[in-house]
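Here's a quick briefing to read with the model open beside you. Take a look at the sequence and the fold, then work through the topics below.

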Amino acid sequence: MLIHFRGATARHHHFMAVAISLVQSTLFSKPSIFLRRNALNGFSFSIPFSSSSAQKIQSHKWRQPVVSVLELGGVEIGKDDVVRDDPTNNVPDEIFSKLGMQLHRRDQHPIGILKNAIYDYFDANYSNKFDKFDDLCPIVSTKENFDDVLVPPDHISRSYNDTYYIDPQTVLRCHTSAHQAELLRRGHTHFLVTGDVYRRDSIDSTHYPVFHQMEGVRVFLPGDWEASGMDGTSYAAEDLKKCLEGLARHLFGDVEMRWIDTYFPFTNPSFELEIYFQEKWLEVLGCGVTEQEILKKSGKTDNVAWAFGLGLERLAMVLFGIPDIRLFWSTDERFTSQFSKGQLGVKFKPFSKYPPCYKDMSFWINESFTENNLCEVVRGVAGDLVEEVQLIDNFTNKKGMTSQCYRIAYRSMERSLTDEEINELQWNVREQVQSKLKVVLR
Ligand code: DAH
C-alpha cells in the first residue's frame, strides 16, 4: 500500500495526519551518524528480539491506545504496513504511534514555531524561491534513504541496530536527505524538506528515537558562478556559508560561530556549523557541496548545488530552554500552553521537578547484545517514564564472559511516580530484557 506510493507522495496534500493519541515520549538528534566514515557494521539480519512481542506488555494507565490507521502525505498507512512480527522488521508499536504526530506542522509547538522561523528567513532572503515540503511520507526505500545519497554499502547507518527497517528494502527515513534525489529529479532547484526522522539509539535527555530535521538544497547554473571568476564548487561553498551564518543570526542573534571540516557521503567538501551558546560549542547542522554524482543521476549535468541538514530539537532545546527531549511529546497543558505561534525563543518555565528514581541491573551479555536493543526494550516497557539508561560497569571474567551493569533513571515530566509503579516497571524490564535479549541476569 503506502509503500507502493513512496516517491509519488511528495507534494503537500494538506491531509492532516489522523492524529492519534499522544503517547508521550522524548526525542532528539545526536551528532550525525553520517560522520562515521565507512564504519563496519557486520550486522546480521537476525535481530535478537522481535518487535511485536514488545507490544504485548500490560496497558498501563498512562498509556493511551494506539490507532491502527493513519494518513500521511496523502497515503493511508495501516499498522500492519509498518509493524510486523518478522525478523526483517524491527519497528515497535511505540514508534508506529509516532508516525502521524507531525510536531513540525503544529504552529503552536516549539518544533513548528522553529520551522516557521526558518521559513521566514528563507522567504525574506530569497524572495519565496524555496519550495517547502513538510508532509513527505517517512516510509522510504533503502535506495532513497541510502543509495541515492551515496551512503556506502557497509556504512553503519544501514545496520538494523541503527535504523528501523520495515522490510529489507524499506525503512523509516533516518534523515531528510532521503528526499534530495527525488526532488532534484522532479526539477526542484531550491527546496526545504522538514520531517520526522527515526533512529534506534541510546536513552538520555537529548536522544529520542524520533526527532525532526530540515533539509535545504540550492542548485546553481553555470551563469551563477561564471561571472564571479570562481569555480562552481568554491562559489557554492561560499554562498552556503553565508546563507547559514545568516540563518544562525536570524535564530540566535549575534552569536559566535565556527566552521568545522567534516565528512558526509553526500557532499564534498563537507562542513559542520557550531555556535557558541551558554559556554559550549554546539553542533547545529551539517552541510556541504553536493556530490556531482547525485546531481548527474538526477539529470542535472552542468550544475553545482549545496545542501544542509539540521536537527530541529537540538536548536529548539537551546532556543526555548527545554531541558529534556521527552517534553516535546508532552500533551500536558503546563507544557503546551507556554508556546504560541510566531513566538520564537520564549523561555520554557519548568512547571515542577519530580525526583528521578534509579534502578540498576546487571547481566552477562551475549554476542548480539547492543545498548540500542536494550534501550528499545526499556522504552517498550516504560515509554517516556524512562529518562536515561547508562552503562555504569563493564567487566570480562577469566572465562571470557562479559558482565554489564546499567543504571535506569525513571522520572515523569508531569507527576510523581510511586514506588510501586517503579518496582513494577523495573520488574517488567528485567523480565523482558531476559526473554528478548537472551542475557543472563545476575
Ligand atoms: N543527513 C545528515 C544527517 O542526518 C545531515 C546532513 C549533512 C544533510 C550534510 C545534508 C548535508 O544535506 O549536506 O546527519
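In strand 17, which residue is the bridge partner of F363? The partner is L441. Keep in mind as you go that this is a predicted model.

**Strand 14 and its partners**
- Strand 14 covers residues 357-364, and strand 16 covers residues 402-410.
- These two strands pair in the antiparallel sense, with 8 bridges between them.
- On the strand 16 side, F363 stands opposite Q404.
- Strand 14 is also joined to strand 17 (residues 440-441), this time by 2 bridges, and that pair runs antiparallel too.

- Strand 6 and strand 7 (residues 170-172) run antiparallel and are joined by 2 bridges.
- To spot that pairing on screen, find Y165, which stands opposite V171 in strand 7.

**Two helices that cross**
- Two packed helices are described by the angle between their axes and the distance between the axes.
- Helix 4 takes in residues 110-125, and helix 8 takes in residues 232-252.
- Their axes come within 10 Å and cross at roughly 130°.
- Because of that angle, helix 4 counts as oblique to helix 8.
- As for handedness, the crossing of helix 4 and helix 8 is right-handed.

**The largest pocket**
- The largest pocket holds about 360 Å³ of space.
- Its lining is made up of 14 residues.
- Nearest the centre of the pocket lie Q278, K280, L282, M317 and V318.
- Strand 12 (280-290) and helix 10 (312-320) are the elements that give two or more residues to the lining.
- Sorted by class, the lining has 8 nonpolar, 3 polar and 3 charged residues.

How values were computed: Residues numbered from 1 in each chain as written. Predicted model: local features only at pLDDT ≥ 70, side-chain atom pairs only at ≥ 80, totals over all residues. Heavy atoms only, no water. Pairing = 2+ DSSP bridges. Helix = DSSP H or I, 4+ residues; strand = E, 2+ residues; numbered from the N terminus. 1 Å grid on protein atoms, 1.4 Å probe; cavity = no way out; pocket = protein on both sides within 12 Å on 5 of 7 lines; lining within 4 Å. Points joined across faces, edges and corners; volume = space filled by probe spheres on them. Nonpolar A, V, L, I, M, F, W, Y, C, P; charged D, E, K, R; others polar. Axes fitted to C-alpha atoms, helices over the stretch in contact; angles between N-to-C directions. Parallel < 35°, antiparallel > 145°, perpendicular 65-115°, else oblique. Left-handed = near helix turned anticlockwise from the far one by under 90°.
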